[in-house]
Amino acid sequence: MTLEQLKYPIGKFEQPVTITKDIISQWIADISSFPTRLKNEVNHLTDEQLDTQYRTNGWTIRQVIHHCADSHMNSLTRLKLALTEDQPTIKPYYEERWAELIDSKNMPIAPALKMLEGIHERWTALLNHLTEEENGRIFIHPEHGKTFRIDENIGVYAWHCNHHLAHITETKKRNNWK
């Protein structure tokens, strides 16, 4: 596999020209089912397997799992800010630095899996009840220098779930792990 394929096993996020209710529903289903899909792929892995990088100079599977908990916690917060404030500027964080902290590098994955379960349950409840107007609300991401609509961000995070899950499933395939 090329480095690009290892980095982006499902490709980069491509936003549809028109975001329909059906597309949003599929994205929400992907977000909702992520904790279960992830748990099914990683619960049986050994510490040695969890500490395997998904690519050279990449994160370990353990770091990917903890990153998802960190990232999705931030996304839920950003959603709530966008729903309760007028075009809030969100605070970015250094995900690569967070991934190097001891809780991401050395802790068991069970706490991150529990976090994801709770975060996604609450996140999905909100997403399933958004109005069309709420889907159009925005937040400002200073790191990217642009605004994001809530509906667009739902797609980004559905992709994010599937993207990191593919890092894990592809690593398992390459290593012939069950």
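User: Is Gln87 buried, partly exposed or exposed?

Analyst: This is a predicted model, and in it Gln87 has 44% relative accessibility. Buried means under 20% and exposed means over 50%, so Gln87 counts as partly exposed.

User: Where does Gln87 sit?

Analyst: Gln87 is in the loop between α4 and α5, and α5 covers 95–98.

User: What's the phi of Gln87?

Analyst: Gln87 has a phi of about 50 degrees, which is positive even though the residue is not a glycine. For background, most residues other than glycine have a negative phi.

User: And what about Asn57, what's its phi?

Analyst: Asn57 has a phi near 65 degrees, again a positive value in a residue other than glycine. Asn57 lies in the loop between α3 (47–50) and α4. With 68% relative accessibility, Asn57 counts as exposed.

User: OK, switching to helices. How do α4 and α7 pack?

Analyst: Their axes come within 9 Å and cross at roughly 25 degrees. An angle under 35 degrees counts as roughly parallel, so that is what α4 and α7 are to each other. The crossing is left-handed.

User: Which residues meet there?

Analyst: Quite a list! On the α4 side they include Ile65, Cys68, His72 and Leu76, and on the α7 side they include Ala112, Leu116, Ile119 and Trp123. By class, this contact has 14 nonpolar, 4 polar and 2 charged residues.

User: What about α2 and α4, are they roughly parallel or antiparallel?

Analyst: Roughly antiparallel. Helix α2 (residues 21–42) and helix α4 (residues 61–84) pack at an angle of about 165 degrees, with their axes 12 Å apart. Their crossing is left-handed.

User: Which residues touch in that pair?

Analyst: Phe34, Leu38 and Val42 from α2 meet Ile61, Ile65, Cys68 and His72 from α4. That contact has 6 nonpolar residues, 1 polar and no charged ones.

User: New topic: how many residues are in the largest nonpolar core?

Analyst: It has 39 residues, and those with the most contacts inside it are Leu38, Val42, Ile65 and Ile154. The helices α2, α4, α7 (110–127) and α9 (150–174) each supply at least two residues of this core.

User: Which helix gives the most to this core?

Analyst: That's α4, with 8 residues.

User: Ile65 keeps coming up. What does Ile65 touch?

Analyst: Leaving out residues up to four places away in sequence, Ile65 touches Leu38, Val42, Leu50, Ile109, Ala112, Leu113, Leu116 and Ile168.

Conventions. Residues numbered from 1 in each chain as written. Predicted model: local features only at pLDDT ≥ 70, side-chain atom pairs only at ≥ 80, totals over all residues. Heavy atoms only, no water. Axes fitted to C-alpha atoms, helices over the stretch in contact; angles between N-to-C directions. Helix = DSSP H or I, 4+ residues; strand = E, 2+ residues; numbered from the N terminus. Parallel < 35°, antiparallel > 145°, perpendicular 65-115°, else oblique. Left-handed = near helix turned anticlockwise from the far one by under 90°. Contact = heavy atoms within 4.5 Å. Nonpolar A, V, L, I, M, F, W, Y, C, P; charged D, E, K, R; others polar. Core = buried A, V, L, I, M, F, W, Y, C linked by side-chain atoms within 4.5 Å. Buried < 20%, exposed > 50% of the residue type's maximum accessible area, 1.4 Å probe, protein only.
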